[in-house]
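Welcome, and thanks for taking a look at this one. Here is a short briefing on a ligand site and a pair of helices.

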Amino acid sequence: MQKCFSLASMVAILMFTFTGSCVLSQTTVHQNLSASDIAKIDSLMSQMTLEEKIGQLNLFASGWDATGPMAGSNNEQLIREGKVGAILNAYTVDYVRALQRMAVDDSRLKIPLLFGYDVIHGHRTIFPIPLGQSCSWNLKMIEDAERVAAVEATAEGLNWTFAPMVDIARDPRWGRVMEGAGEDTWLGSKIAAARVKGFQGKDLKANNTLLACAKHFAAYGAPQGGRDYHTVDISQISLYEWYLPPFKACLDAGAGSIMTSFNEIGGVPSTCNKWLLTDLLRKEWGFKGFVVTDWTSTNELVDHGVAENFKDAARLALNAGVDMDMVGCTFLDYMAELLKEKKVTMGRIDTAARSILEAKALLGLFDDPYRYCSKTRQETEIMTPDHLSLARRMVSESCVLLQNQNQILPIPEGVGRVAIIGPLADSKKDMLGSWSGAGKWEKSVTLLEAVRERFGKKTQVFYEKGCNANDNDKSGFDAAVKLAMSADYIILALGENSWMSGEAASRTSIELPGVQNELAEVLAKTGKPIAVVLFNGRPLAITKLSGLPVAILEAWFGGTQAGNGIADVLFGDVNPAGKITMTFPRSGGQIPIFYNAKNTGRPFILTDTTDKYVSRYLDCSNDPLFPFGYGLSYTSFEYSNLEVATDVNKITVTVQVANTGSRDGEEVIQLYVRDKVGSLTRPVKELKGFEKALIKKGETKTISFILNTNDLAYYHTDMKKYWDPGEFEVFVGTNSAETISKSVTIK
Ligand code: BGC
C-alpha cells in the first residue's frame with residue numbers, strides 16, 4: 001500500500017470532501033479560461049450523470065472520409081443521449097449545424113460537440129504537402145498557410161484539426177514522411193510551433209481559429225523497416241533528444257490537444273503508456289489540454305497483446321491518461337462497468353470529462369455552439385484569391401532545384417516547340433497529395449495547364465504521357481520519343497502517384513516506380529534539353545535519373561496551385577531557394593540515412609579508399625545523393641570570413657555570403673555545430689540556426705547568429721539536459737555537407 005499522498009492528490013481529496021462531488025480542483029484549468037467558463041464547467045460537472053461524463057470521452061466518425069475500420073454506429077441517437085463528445089469528418093455548415101443541433105437542442109445538458117478533421121495542408125485551398133512546405137524554411141509562410149487552413153475549415157463548421165503532425169522521420173520508406181517536417185528535430189520544432197500558432201491564432205474563441213492537435217505522440221516516425229504501424233524500438237536518449245522536442249514545442253505554442261500514436265515504445269503501446277501520457281506529458285511538461293487516441297488505437301491494444309479484450313483496453317487507456325477514444329467505442333461500452341468494478345476511478349473519469357469541456361469552453365462553444373457555422377463565411381472565405389495566391393507562392397517556395405545540368409533551367413526566353421511528357425504532367429488527381437482534406441482535385445492546376453497558359457499563343461506546347469507512374473507498360477514510349485525529337489525543349493513530369501505516400505503507404509523501394517527511369521533514359525538519348533519535375537511524397541533514390549544530363553526540380557505534391565507555382569520557378573519568375581529537409585539517399589539500402597548521424601569508432605574518411613575495416617558499404621558510398629539542407633538556385637553564393645566569438649555564455653557567429661551569379665536570389669544560410677568531445681557521443685553536425693536572406697546579384701551580406709550555451713545542451717544518461725564545456729566546431733553553409741567551419745573552445 002502506498003504510504004504517502006502527493007500534494008496534488010491531497011488537494012483532490014480535500015476538494016472531494018468539501019464539495020461533496022468529484023469536481024476537481026481548479027488547478028487543472030487552463031489559464032485562458034475565464035471565470036464564467038470555469039463556472040459553466042463546474043456547473044455542468046456537478047449536473048452530469050456518469051453516462052454523460054463518459055459520453056464526453058467519445059469521438060465518433062460521421063461516415064465521411066474513414067481512414068480505418070469503423071467501430072460505431074447510430075451516432076445520431078448517441079448524440080441526442082449526450083453520449084458523444086466530438087465528431088470527426090463532418091464539415092460544411094449545414095451538416096455541422098444539423099449535428100450540433102442534435103447535441104444542443106436534444107441532449108439533456110445541451111453540451112455542444114467538437115468537430116474535428118484532418119486539416120493537414122489546407123482545407124479547400126490545398127497547400128503543398130507538409131514535407132514540401134518544410135523545404136521553404138519559411139516559418140512565417142507556414143504559419144500563414146495554417147491560418148488560411150483555419151479560416152477555411154472554421155468557415156465550414158470545424159473547430160478542431162488533427163494537426164500538426166510533428167513526427168520526426170529518418171526513413172523515407174515510411175509513407176507518412178509526407179505529413180511531417182523532415183528529419184531534423186530543431187527545424188521540426190520551429191515548424192511545429194509555427195503551425196500551432198497558425199491554427200490557433202491569438203484567440204481560440206475567434207470564429208476563425210481552431211484547436212490544434214499535436215500528433216502522433218510519440219515516436220510514430222520510427223517504425224521498423226519503415227513499415228507503417230510497425231514496432232518502434234529506440235533508446236530513451238534518442239526519444240528525448242530527437243522525437244519528443246517537436247511535441248514540447250507544440251505545447252509551448254499552446255496546442256490544446258495531443259493524439260496518441262499507434263506504435264509501442266519499449267514494449268508499451270502509446271495509447272496505454274502512463275509514463276508518456278501522464279508522468280511526462282502532464283506532470284513534467286504541465287500539459288493542460290486533452291489526449292485523444294488515434295483511430296481505434298485503444299481497441300488495437302488487444303492486437304498489440306497487452307489487453308485481453310476491448311474492456312481491458314479501455315481500462316488501460318483511461319488509466320494511462322487518455323481522455324477521448326477515437327472511433328473505438330471502448331469507453332462508451334465499458335467505462336461504467338469498469339468503474340463499478342473499481343478498475344478505474346471516478347476522479348480519472350472526471351478529469352477526462354473536464355478536459356473536454358475545457359476545450360469546448362476555450363473555443364467559445366458554450367457562448368455560441370454555432371460560432372463556426374456561418375453560411376456567409378462559407379460562401380466568402382473559401383478559396384479566395386488571397387488564399388490561392390498564398391498557396392501558389394508556397395508551391396514555388398517549396399520547390400527544390402536538385403540539379404541543373406547545362407543551366408537547362410530556367411526555360412530560356414524565346415524557346416521554340418515545347419514537349420511536356422510524363423505521367424504526372426497532367427494528372428489533376430495527383431496534384432493535391434495525400435491528406436488533402438476537403439480539397440477538390442478537379443480544382444487543381446496541372447503542370448501542363450499552367451505551362452500552356454504561360455506560353456500563351458507564342459509557343460506551341462505538345463503533350464504525351466509516355467507511361468503510367470506505376471506499371472510496366474512502355475507502349476507510350478514511341479510517341480513520347482517522336483514528340484521529343486520534334487521539340488526544342490522538354491519538360492518531363494515524373495514521380496509517384498499521390499496514393500503512394502501518406503498513411504499505410506510504405507514502400508520497400510524508393511526509386512521512381514514503374515518504367516519512368518527508362519522513359520527518362522530514352523528521352524535523354526534525343527539530346528534535347530530536359531527539365532524534370534518530380535512529384536512525390538518522400539525523398540526518392542533518383543541516382544539513375546540524376547546521372548542523366550538533365551535539370552531536376554523537386555516539386556512534391558503542390559496542392560491546388562501546384563502547376564502555377566511550379567511554372568513560376570520553371571520560367572524564372574521565382575528563383576528557387578527551397579532546401580530539402582530529408583536526405584535523399586543514393587540507394588534504399590542506405591536507409592536510415594540522415595545528416596546528424598554519429599561518427600562511430602571507425603569512421604570512413606572519404607580520401608582513404610584502402611582501409612577495409614571502417615564503417616562503409618562495399619557497393620555504395622556512405623554519402624547521400626543530396627544531403628539535408630541541399631538545394632540549388634539560378635544564381636550562386638559564396639561563403640567567406642566566418643568568425644566565431646564567445647562571451648560568457650553567448651556565442652556570436654558571423655559570416656559573409658556573396659551572390660556571385662547573375663540574378664537576385666534567396667539563400668537559406670545554415671548554422672551547424674559539432675560538440676567534439678561530449679560525455680556521450682554527439683552527432684557529426686546539428687542544425688542550430690538558419691536565416692533565409694534575399695541577396696541581390698553582386699551583393700555581399702553579413703549574416704549573424706547568436707547562440708546561447710544552452711543551445712549546446714543535450715540529454716545525458718541521467719536524462720538531464722546540459723552542455724559539456726570544451727571544443728566545438730561551428731559550421732555555416734549552403735547545406736549540411738558544404739560548409740565552412742571554425743573550431744572554438746567554450747568554457
Ligand atoms: C491517422 C490520424 C488521423 C486519424 C483521423 C488515423 O488513421 O493515423 O493521423 O488523424 O486517422 O482521420
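A polar contact here is a pair of N or O atoms within 3.5 Å. With that cut-off in hand, Arg-176 qualifies, as one of its polar side-chain atoms lies 2.7 Å from an oxygen atom of the ligand. Please keep in mind that this is a predicted model.

**The ligand and its surroundings**

- There are 14 residues around the ligand, and those that come nearest are Asp-118, Arg-176, His-216, Asp-294 and Glu-503.
- Asp-118 places a polar side-chain atom 2.5 Å from a ligand oxygen atom.
- For Glu-503, an N or O atom of the side chain is 2.8 Å from an oxygen atom of the ligand.
- The protein buries 100% of the 310 Å² that the ligand exposes when taken alone.
- Sorted by class, the shell around the ligand holds 7 nonpolar, 2 polar and 5 charged residues.

**Helix 20 against helix 21**

- Two packed helices are described by the angle between their axes and the distance between the axes.
- For helix 20 (residues 477-486) and helix 21 (residues 516-524), the angle is about 35° and the axes are 9 Å apart.
- Which hand does the crossing of helix 20 and helix 21 have? The crossing is right-handed.
- On the helix 20 side, the contact is made by Phe-477, Ala-480, Val-481 and Ala-484, which meet Glu-518, Leu-519, Val-522 and Leu-523 of helix 21.
- By class, this contact between helix 20 and helix 21 has 7 nonpolar residues, 1 charged residue and no polar ones.

Technical notes. Residues are numbered from 1 along each chain as its sequence is written. This is a predicted model: local features need pLDDT of at least 70, side-chain atom pairs count only at pLDDT 80 or more; totals for chains, interfaces and linings use all residues. Side-chain values use heavy atoms; hydrogens and water are left out. A residue is near a molecule or strand if one of its heavy atoms lies within 4 Å of it. A polar contact is a pair of N or O atoms within 3.5 Å; within protein, one must be able to donate a hydrogen and the other to accept it, and residues adjacent in sequence count only if both atoms are side-chain atoms. Accessible areas come from the Shrake-Rupley method with a 1.4 Å probe; for residues, only the protein chains shown count as cover. Ala, Val, Leu, Ile, Met, Phe, Trp, Tyr, Cys and Pro count as nonpolar, Asp, Glu, Lys and Arg as charged, and the others, Gly among them, as polar. Axes are lines fitted to C-alpha atoms, for helices over the stretch in contact, and angles run from 0 to 180 degrees between N-to-C directions. Helices (H or I, at least four residues) and strands (E, at least two) are DSSP runs, numbered from the N terminus. A crossing is left-handed if the near helix is turned anticlockwise from the far one by less than a right angle, and right-handed if clockwise. Contact means heavy atoms within 4.5 Å.
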